[in-house]
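Thanks, everyone. Today I want to walk through charged pairs in one model. Here it is on the screen.

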Amino acid sequence: MSQPRLAVFDCDGTLVDSQNNIAAAMGAAWRAHGLEPPPASSVRRVVGLPLLEAIAGLHPHGSRENHLSLTDYYKEAFHSLRQQPDHREPLYPGTVEALDAMEAAGYLLAVATGKSRRGLVATLARHGLEGRFMALKTADDGPGKPHPHMLEEAMAEAGADPGSTVMIGDTVFDIEMARNAQVRAIGVSWGYHDPEELRAAGAAGVIEEFNELAGLAAALLGGENATR
């Protein structure tokens, strides 16, 4: 039997534009602790890392107790924002069509994200994407990016190997995770890290629009849609 092909997607910055809500929740957590909120540009740099690690990076002089408290407050602030009637966390253009194209090309789909499982499930439900992914790997499942654990677990569930898997993400943490798992990585240009950084981290290519994904994945892994 041929090896199953697997496409693993990051969530924030790849499928969903959540940066405003992430920055707002960080700001709420910082202000609740009497701190000056970090600029949105700094917050973008740590999206994708495990939350506690990201917060420690944004508040390097704080104690572990500070970091844990900020983490708890961030989670509650983000959850509260999600309940607001004007909450907006849109899919990037072409997301659903790209998922359709990858499935049509024979790929199994999975997610590997620094979000909590509660947050990921809520996000997918909001956009009607429940059931589209055979594996959901989150910050609750073990070591976060760039450790390869989430990607290795997704491959194990799919019965795929590194040679039949592609990781799609917007940060160097996604690319490094893929490299650590010996998986090819495709970067997206619309997320939180610059394309040049993604290429330098080891991305096999960076797409400008989601409609480029199926063709590039086929070129990397082989398949009916491979470019010639």
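Start with Arg117 and Asp141. They form a salt bridge, with the closest N and O atoms 3.2 Å apart. By salt bridge I mean a side-chain nitrogen of Lys or Arg within 4 Å of a carboxyl oxygen of Asp or Glu. Arg117 sits in helix α6, and Asp141 in the loop between β3 (135-137) and α7 (149-158), so this pair ties together parts 24 residues apart in sequence. Helices (H or I, at least four residues) and strands (E, at least two) are DSSP runs, numbered from the N terminus.

Buried or exposed? Arg117 has 32% relative accessibility, so it counts as partly exposed. Asp141, at 30%, is also partly exposed. The cut-offs: buried is under 20% relative accessible area, exposed is over 50%, partly exposed is in between (1.4 Å probe, protein chains only).

A word on the basis. This is a predicted model: local features need pLDDT of at least 70, side-chain atom pairs count only at pLDDT 80 or more, and totals for chains, interfaces and linings use all residues. Residues are numbered from 1 along each chain as its sequence is written, and side-chain values use heavy atoms, leaving out hydrogens and water.

Next, Lys145 and Asp174. Their salt bridge has its closest N and O atoms 2.6 Å apart. Lys145 is in the loop between β3 and α7, Asp174 in helix α8 (residues 172-180), 29 residues apart. Lys145 is buried at 1% relative accessible area. Asp174 is buried at 0%. Shared partners join Asp10, Lys145 and Asp174 into one salt-bridge network.

Last, Lys115 and Asp12. Their side chains meet in a salt bridge, N to O 3.3 Å. Both residues are buried.
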